Amino acid sequence: MSSKLTSIAHDKLESLLNSRDSARIADVSSMLNDMPPADVAHLIESSTPKLRHILWQLVDTEIEGEVIGELSEELQSLFLAEMDAAEVAVMTEGMADDDIADILQQLPGAVTREVLASMDQQDRARIERVLTYSEDTAGGLMTTDAITIRARVTMDVVLRYLRRHSEIPSMTDSLIVVNTQDQYIGLLPLRTLLVSDPSASVREMMITDIDPIPANMPDTEVARLFERNDWVSAPVVDENRKLLGRITIDDVVDVIREDADHSFMSMAGLDEEQDTFAPILRTTPRRALWLGINLLTAFVAASVINLFQETIEKVVALAVLMPIVASMGGIAGTQTLTVLVRGIAVGQISRSNQGWLINRELAVGVINGFLWAAVVGVAASLWFNDWTLSLVIAIALIINLITAALTGATLPLFLNRIGIDPALAGGVILTTVTDVVGFLSFLGLATLFYAR
């Protein structure tokens, strides 16, 4: 949705709040319901809390389900909390299984059971199948809406079978071939079906070298498979290779976007579902917690400085140059940490190549350490006319840049191994290490040299 259209909609809503004009309400409502559902969701997410509720009230019931499926989990929960089970049941009619499952997972258990009870037996069974899997697995991503065929039939029979459908499921690029026990056998691409001899059998033309996705596979690994193989859709099976459903590229794009948001927001200690326009009372506690954690680490660094109070009083220039050592270490460490976190996220790092990466980052830290130590040492000498001070800061900078490289390379690997998200915890630990080592090496060396 263009920013211009968003701005126009916001301007109209602002006028609506001030005037309460029914004609303007109808104007905004008409504009809103003529938009694609994804654009409506974008407009709602780009609005302040007061405007959001007005927008949601103006959305037609027929497209409520599609709109809410495009919203973040936080906004989904906000709007769903205001609806009863009957309203949710009406809203989810005609929605894809995976989208319905995502919505039901935001509701209390009692409401979810009421919504499921209102469905017919076939629909309820399909949704319950998806709900049995965690939302961050292939089973939680899949939809049961798939077309299956048998290997023994001919292309002509398949074409006639397809023509009996009023429509085929979206993102259908292949038909799934199963046996009589509904076990996955292979895929028949539509492009193959359309150009094949009508008398040829499915068994002759199907593809059997594409493995199905296990239902318990993590969604991040599913995303990697889609990216690596350029898939549009892929079948999902249980441990007995029985077909459960399929995953489509639109859901995989959501996973990729959520993972990117998670990595980006985690660097600041925020959740990927952080709402840009969340109210003050919801935003403040989340940020306060992270500020508190950072304050504790700052006290640790400050306590190191306090150990050398007498040295700083003798050589005031130390107080001027201290931030340089800590800052250079922090930046160098963050560069290494970011590379490693990204490598872990995209599945490029394994036990076989970890050693090479650590050695590479260590070598880079040594080279940069000596390079910038020379630059800073010369600058400090010219600034304060003190070669002892320049030698102290040069050595301290080498120590801190090497420490930063080593910590930035090993920390995310260690955190990932023990099950802690390196994107979330890595930054604050790294900063603490580089600050403490930077201050300790700089002020410790200064104490040693100037005590002579």
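Predicted model: local features only at pLDDT ≥ 70, side-chain atom pairs only at ≥ 80, totals over all residues.
**Entry 1**

The side chain of Asp123 meets that of Arg126 in a salt bridge, at 3.5 Å from N to O. Arg126 is also partly exposed, with a relative accessible area of 24%. I then checked where the pair sits: both residues belong to helix H10, which covers residues 121-131. They are three residues apart, about one turn of the helix.

**Entry 2: other salt bridges**

How many salt bridges does a search of the whole structure find? I noted four. In general, side chains of opposite charge can pair when their charged atoms come close.

Is Arg224 buried or exposed? I have Arg224 down as buried, since its relative accessible area is 17% and the cut-off for buried is under 20%. Glu221 is partly exposed at 23%.

I also looked up Glu361 and Arg360, which form a salt bridge of 2.8 Å, N to O. Glu361 counts as buried, with 8% relative accessibility, whereas Arg360 is partly exposed at 30%.

**Entry 3: a nonpolar patch**

I went over the surface next. Leu371, Trp372 and Val375 make a nonpolar patch of about 270 Å². Val375 is part of helix H20, which runs over residues 351-384. With 41% relative accessibility, Val375 counts as partly exposed.

**Entry 4: the sheet S1-S2-S3**

I traced an open sheet of three strands, ordered S1-S2-S3, with mixed pairing. Its edge strands are S1 (148-149) and S3 (184-189), each of which pairs on one side only. S2, residues 174-178, pairs with S3 in the antiparallel sense over five bridges. Which residue in S3 is the bridge partner of Ile176? I found Leu187 there.

**Entry 5: the sheet S4-S5-S6**

As a general point, strands of a sheet pair through backbone hydrogen bonds, either parallel or antiparallel. I found an open sheet with the order S4-S5-S6, where the pairing of the three strands is mixed. S4 (213-214) and S6 (243-248) are at the edges with a single partner strand each, so one side of each has no neighbour in the sheet. Between S5 (residues 233-237) and S6 I noted five bridges in the antiparallel sense. Pro235 has Arg246 in S6 as its bridge partner.

**Entry 6: the whole chain**

I ended with the chain as a whole. It has 22 helices and six strands. Its radius of gyration is 29 Å, well over the 22 Å that the globule rule gives for 452 residues, so the chain is more spread out than a compact globule. Along the principal axes, the C-alpha atoms fill a box of roughly 95 × 65 × 40 Å.

How much of the chain is made up of buried residues? I wrote down 44% of the 452 residues. Of the contacts with a separation of 6 or more, 66% are between residues 24 or more positions apart. The accessible surface comes to about 23800 Å², and carbon and sulfur atoms account for 57% of that surface.

Conventions:
Residues numbered from 1 in each chain as written. Heavy atoms only, no water. Patch = residues over 30% accessible without salt bridge, like charges linked within 9 Å, V, L, I, M, F, W, Y side chains within 5 Å. Areas by Shrake-Rupley, 256 points an atom, 1.4 Å probe, with all protein chains shown as cover. Helix = DSSP H or I, 4+ residues; strand = E, 2+ residues; numbered from the N terminus. Buried < 20%, exposed > 50% of the residue type's maximum accessible area, 1.4 Å probe, protein only. Pairing = 2+ DSSP bridges. Rg over C-alpha atoms; globule rule 2.2 N^0.38 Å. Contact = heavy atoms within 4.5 Å.
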